[in-house]
Amino acid sequence: MGLEPESAAMAQDGPDPELVDFTRLFRVGAVLTLPLLVLAMGPFVGLGGVREAFGERGALWIEVLLGTPVVLWCGLPFLARGWASFRTMNLNMFSLIAMGVMAAWLYSMVAVVAPGIFPDGFRNAEGHVGVYFEAAAVIVTLVLLGQLMELRARQGTGRAIRALLDMAAKAALVVREDGREEEIPLDDVQLGDRLRVRPGAKVPVDGLVIEGRSFVDESMITGEPIPVEKTPGDPLTGATINGTGSLIMEATRVGAGTVLSQIVEMVENAQRSRAPIQRYADRVAGLFVPVVMLVAAGAFIVWAIWGPAPSLSYALLAAVAVLIIACPCALGLATPMSIMTATGRGAQMGVLIKNAESLERFEAVDTLIVDKTGTLTKGEPELVAVLPATGHDEAAVLKLAATLERGSEHPLAEAIVRGAENRGVTLAEAADFEAVTGKGVRGIVDGKAVAIGNLKLLQDLGLEVEALTETADDRRDEGETVMFVTLDGELAGMVSVADPVKDSTPGALEALHRLGFRLIMATGDNERTARAVAARLGIDDIRADVLPADKARIITELQAEGRRVAMAGDGVNDAPALAQADVGIAMGTGADVAIESAGVTLVKGNLDGIVRARKLARATMRNIRQNLFFALAYNASGVPVAAGLLFPFFGILISPMFAAFAMTASSISVVLNSLRLRNLRFRLHEGA
C-alpha cells in the first residue's frame with residue numbers, strides 16, 4: 001500500500017502517484033483483457049470465426065501473449081500483497097486473488113506448453129486442453145477497478161484539508177510604530193502585531209479589534225450566514241472576510257495556534273484515527289483460504305496415491321480444479337457491484353455516497369447530530385412578523401423600519417427591507433441616519449424621529465417597553481430576533497426576523513425517529529432558543545452555545561459511550577465533526593470542505609435525504625450479504641466436488657472447465673442481484 005502523508009500540508013500538489021500507477025495498470029489490463037475475452041469466449045457467443053482464423057495453437061499463444069502481461073504486470077501489486085499475506089499469515093482478499101489468479105495462469109501455461117501430460121478425459125472434442133487466461137485476466141482487471149475507486153475516494157480527503165489551508169490569507173498588512181503600513185507574508189506575523197484589515201479583505205490571523213467598526217462574514221468558519229458586527233474589543237478569526245469597514249486588530253494567535261489551523265489538525269486527526277472498515281470478504285477469506293489450500297493439497301495427495309493412471313495428472317487437475325472453483329472473482333465483486341449500483345441509485349435520489357465504508361457504517365448508526373442553521377433551517381433570515389403597538393398600523397410601522405434600515409449594512413436590516421418590498425410597502429427617504437454601535441439605528445423619516453433597535457437603544461431613549469416585553473420573549477423563545485421601532489420618542493411596535501425552519505424538516509425528523517435515530521441538535525444559539533426549537537421539532541437532546549471545536553468533542557464523548565454517531569452539517573466548522581463521526585453527512589448547499597470531509601452528501605440539503613440514505617444503506621448491506629452468500633455457495637459447495645468427493649460413488653469428476661463455469665455462475669448471480677438495487681423505491685415517511 002502507498003504511504004499517506006502525516007499532514008495534508010506536507011502533501012505534494014498534483015495527482016497521487018499511486019492513483020496514477022493504478023490508473024495506468026487498469027487501462028492496460030482492460031485493453032488486453034477485452035480482445036482476450038473475445039478470443040476465448042467467442043465460440044460461445046457466435047464469434048467462433050475469430051478463433052478459427054488464427055487456428056487453435058495460434059489462438060492459444062495469442063491468449064498467452066495477452067493474458068500474461070495482465071497477470072504478471074497489471075496484477076503484480078495484488079500478487080505482491082498476496083505473497084505478503086501468506087508470508088505473515090494475515091490472510092485476506094489478496095490471498096484469494098493471488099492464489100486464484102496464479103492457479104488459473106499456471107494451469108493454463110502448462111496446458112499450452114505441455115498439453116501432453118493431460119489425460120484424454122480433460123480434452124474437448126477436438127482434443128484440446130482448456131485454458132483459463134481470460135479468467136485470470138478478468139479477475140485482475142476487476143480488482144484493479146475496485147482499487148481505483150477506493151484510491152479516488154481517499155484522494156478527496158487530502159483535497160478537503162488543502163482547501164481549508166487555502167482559505168487563509170496569504171499576507172498581512174502590519175502597522176508599524178511610526179504609522180507606516182507594510183505587507184508581510186502571513187508566516188512572519190508575530191503575536192502582538194497591529195494589523196490593518198481592509199474592506200473586503202480576509203482577516204489574516206486570530207486577534208482582537210482595537211480600532212474601527214465593521215461587519216465580518218464568518219460563515220466559512222461558523223456556518224452562520226449572518227455577518228457579525230465587530231467593534232473594539234471583539235474577537236476576530238483568521239480567514240473570515242471583512243465587510244465594508246476598515247479595522248485595526250492585534251494578533252493574539254498565529255501559525256498553528258489559529259482557529260483555522262486547529263480545525264485542519266482536528267480533521268487530520270479524526271481521519272487518521274478512524275478504524276478501517278471490517279470487510280466481510282476479508283473475514284470470510286481468513287477461514288476460506290486455508291480450507292481451500294488444505295482441500296487442494298489433500299485432493300492432490302489422494303489422487304496421486306489412489307487415483308487411476310495417470311495418477312499425477314489426475315492429482316494435478318483435481319488440485320487445480322479446487323483452486324479455480326474457489327477463485328474469488330464473485331467474492332471480489334460482491335461488495336463493489338452493490339456499492340456501484342447503490343451509489344448510482346443514490347445519486348438519482350439526491351444522496352451522494354463517498355465509499356462503501358460510509359454505507360456500512362451508516363446502517364449501524366444509532367445517534368444523529370444535526371446543526372441548526374442551514375440544516376434544520378433555510379440559512380437565510382426573513383421578516384416573519386410586524387407587531388404594532390396600540391394605535392399604530394402594521395404597514396406604517398414596517399414602512400418606518402424598512403425606510404430607516406435601508407441605510408444599514410446589517411443582514412437583519414436587509415431582511416426587513418426585503419420583507420417590506422415583498423409586502424408591497426412603498427418606502428420613504430431617511431435623513432440624518434446614524435448607526436448606534438451594538439444597539440440599532442436612528443434617523444429622520446418624513447420629518448419624524450425614528451429609531452429601531454434592541455432594549456439597550458430604547459433604554460437610552462428613556463422608553464418603557466413592559467407592555468411588549470412578554471410578547472418579545474415569546475418571539476425569542478421561537479428562535480426569532482426582535483427589534484423595537486419608535487416614532488417621535490414613543491414605542492410604535494416591533495419587527496421580528498428569523499431563520500425559518502425548512503418545510504421538509506418536521507416530517508423528515510419524524511421519519512428519522514422511526515428509523516431508530518436518537519436526534520441531537522448542536523448549535524451556537526443560546527440554550528433558551530435552542531430548547532424552544534428542539535421542543536417544537538421533537539428533537540431528543542440539544543447541545544447549545546457550541547464552539548467550532550466542541551462538535552468533534554461531543555461526538556467523541558458519545559462514541560466513548562458506545563454510540564455510533566452520524567453528524568449532519570454544512571459549515572467549515574463542521575468539517576472536524578464530520579470527519580470524527582462514524583458517518584459525516586454534508587448538506588450539498590454548504591461549504592466544499594464540509595462536503596469533502598463527509599461520507600454522505602445530500603444534494604438538496606434537506607434532511608429527507610438522510611431518510612433516503614439510511615434506507616439505501618440498509619438495502620445495500622442486505623444486498624452485499626446476499627452477494628457474499630451467492631459468491632460462496634457455488635464455490636464452497638463446488639470445492640469438495642472438484643476435489644473428487646463424488647467420484648467413488650457416481651464417477652463424477654469436475655474438470656477445470658466446469659470449475660470455471662461454476663465460478664462464472666456465481667459471478668453472474670452476484671451481478672444480477674446487485675442490479676436489483678437500481679429499482680429501489682423509497683417513500684420518505686413510510687415505516688422502516
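Proline 506 touches Val501 and Leu537, residues up to four places away in sequence being left out of the count. In this predicted model, proline 506 lies in helix α18, which spans residues 505–514. With a relative accessibility of 41%, proline 506 counts as partly exposed, because that class covers the range between under 20% and over 50%. The C-alpha atom of proline 506 is separated by 9.8 Å from that of isoleucine 539, 33 residues apart along the chain.

An α-helix has 3.6 residues a turn, so residues three or four places apart point the same way. Arginine 514 is itself partly exposed, at a relative accessible area of 34%.

The whole structure contains 20 salt bridges. Among them, the side chains of glutamate 181 and arginine 196 meet at 2.4 Å, N to O. This pair links distant parts of the chain, since glutamate 181 belongs to strand β2 (residues 181–185) and arginine 196 to strand β3 (residues 194–197), 15 residues apart. Glutamate 181 is partly exposed at 33% relative accessibility, and arginine 196 is partly exposed at 26%. Another salt bridge joins the side chains of arginine 180 and glutamate 182, at 3.5 Å from N to O. Both residues fall in the partly exposed class, arginine 180 with a relative accessible area of 45% and glutamate 182 with 29%.

Beyond its neighbours within four places in sequence, phenylalanine 362 contacts Phe517, Ala566, Val583, Ile585, Ile610, Ala613, Arg614 and Ala617.

Helix α4 (residues 76–88) has 13 residues, and its first and last C-alpha atoms span 18 Å, close to the 18 Å expected at 1.5 Å a residue. Its buried residues include Pro77, Phe78, Leu79 and Arg81. Methionine 89, which follows α4, has a positive phi near 60°.

On the surface, Val110, Ile117, Phe300, Ile301, Val302, Ile305, Trp306 and Leu316 form a nonpolar patch with about 730 Å² of accessible area together. Helix α9 (residues 280–306) supplies the largest share, five residues. Isoleucine 117 lies in the loop between α5 (93–113) and α6 (133–167), and is partly exposed at 40% relative accessible area.

Methods. Residues numbered from 1 in each chain as written. Predicted model: local features only at pLDDT ≥ 70, side-chain atom pairs only at ≥ 80, totals over all residues. Heavy atoms only, no water. Patch = residues over 30% accessible without salt bridge, like charges linked within 9 Å, V, L, I, M, F, W, Y side chains within 5 Å. Areas by Shrake-Rupley, 256 points an atom, 1.4 Å probe, with all protein chains shown as cover. Salt bridge = Lys/Arg side-chain N within 4 Å of Asp/Glu carboxyl O. Helix = DSSP H or I, 4+ residues; strand = E, 2+ residues; numbered from the N terminus. Buried < 20%, exposed > 50% of the residue type's maximum accessible area, 1.4 Å probe, protein only. Contact = heavy atoms within 4.5 Å. Expected span 1.5 Å × (residues − 1).
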